[in-house]
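Biologist: I would like to learn how to read salt bridges, surface patches and strand pairing in a model of this kind. Could we take them in turn with the structure in view?

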Amino acid sequence: MSTARRILILVLLAASAATALAFATGAAVVDGPADTVANGDLAIQPADGPNGRYAYLNDDDEIAIDVSASNPNIRDPSFEGVNVGATGRIDDVFTITYTANEYAHVWIEYDSENVTFVADGDSIEGEANNVTLAPNETVAVGLALDTRGATVGTQLGADEFSIEAKIAEPDEVGATGASTQQIGDGGPTTTVVSPSADRREFVASGVERGEGVRFLADGMEIGGENVTLEGIDLTGVRTERVELDAAGSSGPFANGSALTAPTRPRPVGYLSLDYDFAPDAVDAMTIRFSADPAYLNATGTDPEDVALYRRTDAGDWEAKPVAVVDEAVVDILGLPEDRVHFRATTEPSSTFAVAAHAPRYDVTEATVAPGAVDPGENVTVRTTLRNGGGAPGERTVTLTANGTPIANETVTLEPNETATVAFDATFETAGAYDLAVDGTRVGTLLVGDPASDDAGGSGDESNVGTDESATVTGPSEEPFGIDPADLAGPLALMIISLATLALVRRMPR
């Protein structure tokens, strides 16, 4: 990539301390005239804000940095240059925006003992101090000054500097980097640092009271690449500066318990936020995240069933409403179209969990009537089911006798809805049958006389039939129960047998 040499003029005046301003940035999308270099892949512009007046495009449309009375943008007749015998920074002088499709290393070549080009307070002079920019990322550049020992009226350093860049190799980029952003016209300036694929460090400065702040996370991993953080928006901010660190994890963080909720949702990933402002210093926080549609399909998750939970100060998990972003809005906002996007507005918290609701069928009541029949007689098993999950769903409910499936019925329930399923069956072979519905025990059905030699013992080889007219009705309040009188004989026999067994096991050998 090419090199561009540009003009820098700094003249010293007799005064004391220089002013250091906050680090800022220009817009990530180039708007307005710019000095383009590196085959047009870099766009250099004066920064927005008061220090941007020190930079301008000259008659050749090249960026010039002029901190002297010769600067046409400075109309104060008393201004003659920078101060003598001082150190300080002039931040937010000009911006460099990278507009190509690959990552690039960008740095400045300049030789001076008194002036250093800086970004976020750190030197970007020399290739070793380069900043790595992703496509459409912007870095703000300022000047660090050290005029101690300099003489009034002299020009500091050389009058030219060069902006250089080269394509970054993939293994040099990784998941780390730093970028600066400014959303819309004016407004707060944000800096985003990416220490790793699952971490982001956000800083916003110059926030006016009641203003909003938008942080762009650009796919920070929450549940690996399956679920990623796209951004965090703060509304009604009542502090001039905001710092917010975000971290993602597929499992619970060490300082927080795993997600627990009555609907037992399936956790997908956890988001930890560490912020420096009081929760009541913002009106609301909106978390924007996305999911890989292939992952949703593979796990059978409907986008409407994706949820966000906020952990409260008391340690409880509170569900927050999640909206699926319309495809048209995704297109307008320029979001990745190969992802399903979500947004949830919440109060600030230190820990969040992205989860998936799923239907969960619980047997709340089950009965068998009558409790004892003769072989070939009809018996009815009723069970009341409740969908205790957070999503609607269909479920096939199975009745078993001694662990063997003998009948099933398909039920569809909305969340918190209940229904009663009735199974009609006949047992041709005498025996004691342990009945269960989806693993939940109903009770023991006695067919004939289990104690007789003709009873067949456990009934495992019985001829069991079902009535195909089993129906799903409303909730049933039938009680559990087999009349104790019906079981007096068999129970007494079982107690005697068990007691004898216990006695034998305790006899000395």
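Predicted model: local features only at pLDDT ≥ 70, side-chain atom pairs only at ≥ 80, totals over all residues.

Biologist: With which residue does Arg238 form a salt bridge, and where in the chain do the two partners lie?

Modeller: A salt bridge is read from a side-chain nitrogen of Lys or Arg lying within 4 Å of a carboxyl oxygen of Asp or Glu. Here the partner of Arg238 is Asp283, with the closest N and O atoms 2.7 Å apart. The pair links distant parts of the chain, since Arg238 sits in the loop between β19 (227-237) and β20 (242-249), while Asp283 sits in the loop between β21 (266-275) and β22 (284-291), 45 residues apart. Asp283 is exposed, with a relative accessible area of 54%.

Biologist: How many salt bridges does the rule give, and which residues are linked in a network?

Modeller: The count comes to 13 salt bridges. Arg310, Glu318, Lys320 and Glu347 are linked in a network of them.

Biologist: Turning to the surface, which residues gather in a patch of negative charge, and which form a nonpolar patch?

Modeller: For either kind of patch, a residue needs over 30% relative accessible area and no salt bridge. The negative patch gathers Asp326, Glu327, Asp331, Glu337 and Asp338, and in it Glu327 counts as exposed because its relative accessibility is 71%. The nonpolar patch is formed by Val329, Ile332 and Leu333, which together have about 290 Å² of accessible area. Val329 is partly exposed, with a relative accessible area of 36%. Glu327 belongs to helix α3 (residues 327-333), and Val329 is also placed in helix α3.

Biologist: Finally, in what order do the strands of the open sheet lie, and which are its edge strands?

Modeller: Five strands make up the open sheet, in the order β29-β35-β34-β31-β32, with mixed pairing. The edge strands are β29 (372-373) and β32 (404-413), each of which pairs on one side only. Strand β29 runs parallel to β35 (residues 440-447), and two bridges join them; Ala372 has Leu446 in β35 as its bridge partner.

How values were computed
Residues numbered from 1 in each chain as written. Heavy atoms only, no water. Patch = residues over 30% accessible without salt bridge, like charges linked within 9 Å, V, L, I, M, F, W, Y side chains within 5 Å. Areas by Shrake-Rupley, 256 points an atom, 1.4 Å probe, with all protein chains shown as cover. Lys, Arg positive; Asp, Glu negative; His and termini not counted. Charge placed at Lys NZ, Arg CZ, Asp CG, Glu CD. Helix = DSSP H or I, 4+ residues; strand = E, 2+ residues; numbered from the N terminus. Buried < 20%, exposed > 50% of the residue type's maximum accessible area, 1.4 Å probe, protein only. Pairing = 2+ DSSP bridges.
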